[in-house]
Amino acid sequence: YIGKNTHIMKFYPLQFEPIFKERIWGGTKLKTVLNKAIPSNYIGESWELSTVKGDVSVVANGEWKGKSLMDLINAYPNEILGTAVFSRFGMEFPLLFKYLDAREDLSIQVHPNDTLAKKRHDSFGKTEMWYIMHADADARIIVGFKEKSNANVYLENLKNKSLISILDDVKVKTGDVFFLETGTVHAIGAGLVVAEIQQTSDITYRLYDFDRVDAKGATRELHVDLALEAINYNTVETKKEYLKNINESNVVVDCSYFTTNFIPLDGEISVSKSGKSFTVYMCTEGGFGLEYNDSKVQYKKGDTVLIPAAMNAFILNGKASILEIYIS
């Protein structure tokens, strides 16, 4: 039970137990690059902050350790989510935060938009963004079509196992950002560690999986028919250029689902918030301290922290690269 005495409640920065996902394409870089205590050598994803059914994050620190994120939202919706977020989404936590390690290419896939996802799965769609935290030499992603296409051309190439030939292949490096609207055909390539911010949804239509088989010799399920209606066959511009002004929140992505800023921290900045939205910080390089109410917490690369909306003034200090995410 969580008490209702909000006026004497001290809200604090929340960290959560990572939810690790074993994947056919996963590896060990979440350990070697992000220092996470992964349970096997095939961990593809660390879900840092989630309310996806069956995968709800549990608090790892402080007074609410052991409570789930949903417990907190149910007890303090305005204070945790923010007044504007609560009025728009109710008790739902609308975003999902992950780190991914692609030892091999991920399957080529697409996500449905809100309308289709609601109709078919009673879910949000899945608009997402990727921040490249680590890229091996020659690493690349697949994103969108090389030129405007259509369902017939797509199906023909799928049948002939030549789908790759009509898709756009983009070389990437650390610090690159890609914003993927729903309907964009995509795949994260081998050798990448990615911070992913997306709508709360676990709906993926898999188009092609390079004919891979698992340990039992089985191929993974494809969703060719479901995907047909979901795909955007136009060409898309997904790469986001952004400023990197020191000790400032530089806007990287600003869409109706989330705003992501990049903060190159070197020294100290004071942050003040309106209480309308929670804020999430993902530390992508270095380390930083967060000071509030006479307390100080330290974070390092690979840490994700949820700042409840009720925490409206604090200080960040240190030398770090930080993604700052909220809903505007």
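This is a predicted model: local features need pLDDT of at least 70, side-chain atom pairs count only at pLDDT 80 or more; totals for chains, interfaces and linings use all residues.
A salt bridge is a side-chain nitrogen of Lys or Arg within 4 Å of a carboxyl oxygen of Asp or Glu. Residues are numbered from 1 along each chain as its sequence is written, and side-chain values use heavy atoms, with hydrogens and water left out.

**The chain as a whole**

- The chain holds seven helices and 19 strands; these are DSSP runs numbered from the N terminus, with helices being H or I of at least four residues and strands E of at least two.
- A compact globule of 328 residues would have a radius of gyration near 20 Å, and the chain agrees, with 20 Å; this radius is taken over C-alpha atoms, and the globule rule is 2.2 Å times the number of residues to the power 0.38.
- Along its principal axes, the C-alpha trace spans about 65 × 40 × 40 Å.
- Of the 328 residues, 54% count as buried, where buried means under 20% relative accessible area, exposed means over 50%, and partly exposed is in between (1.4 Å probe, protein chains only).
- Among contacts with a separation of 6 or more, 75% come from residues 24 or more positions apart; a contact means heavy atoms within 4.5 Å.

- Side chains of opposite charge can pair when their charged atoms come close.
- The whole structure contains 25 salt bridges.
- K98 also meets E45 in a salt bridge, at 3.2 Å from N to O.
- That pair links distant parts of the chain, with K98 in strand β5 (residues 95-102) and E45 in strand β2 (residues 43-49), 53 residues apart.
- E196 lies in strand β12 (residues 192-199) and K98 in strand β5, 98 residues apart.

**Charged pairs elsewhere**

- D122 and K118 form a salt bridge with their closest N and O atoms 2.5 Å apart, and both of these residues are exposed.
- A network of salt bridges links R103, E104, D209, R212 and R220.
- One member, D209, sits in the loop between β13 (205-208) and α7 (224-228), and D209 counts as buried because its relative accessibility is 4%.
- Setting aside residues up to four places away in sequence, D209 touches S107, R220 and L222.

**The nonpolar cores**

- A nonpolar core is a set of buried Ala, Val, Leu, Ile, Met, Phe, Trp, Tyr and Cys residues joined through side-chain atoms within 4.5 Å.
- Which residues touch the most other members of the largest nonpolar core? They are F93, Y281 and L316, in a core of 62 residues.
- Strand β16 (residues 279-292) gives the most to this core, with seven residues.
- Apart from this core lies another, of 21 residues, including Y205, A230, I231 and Y233.
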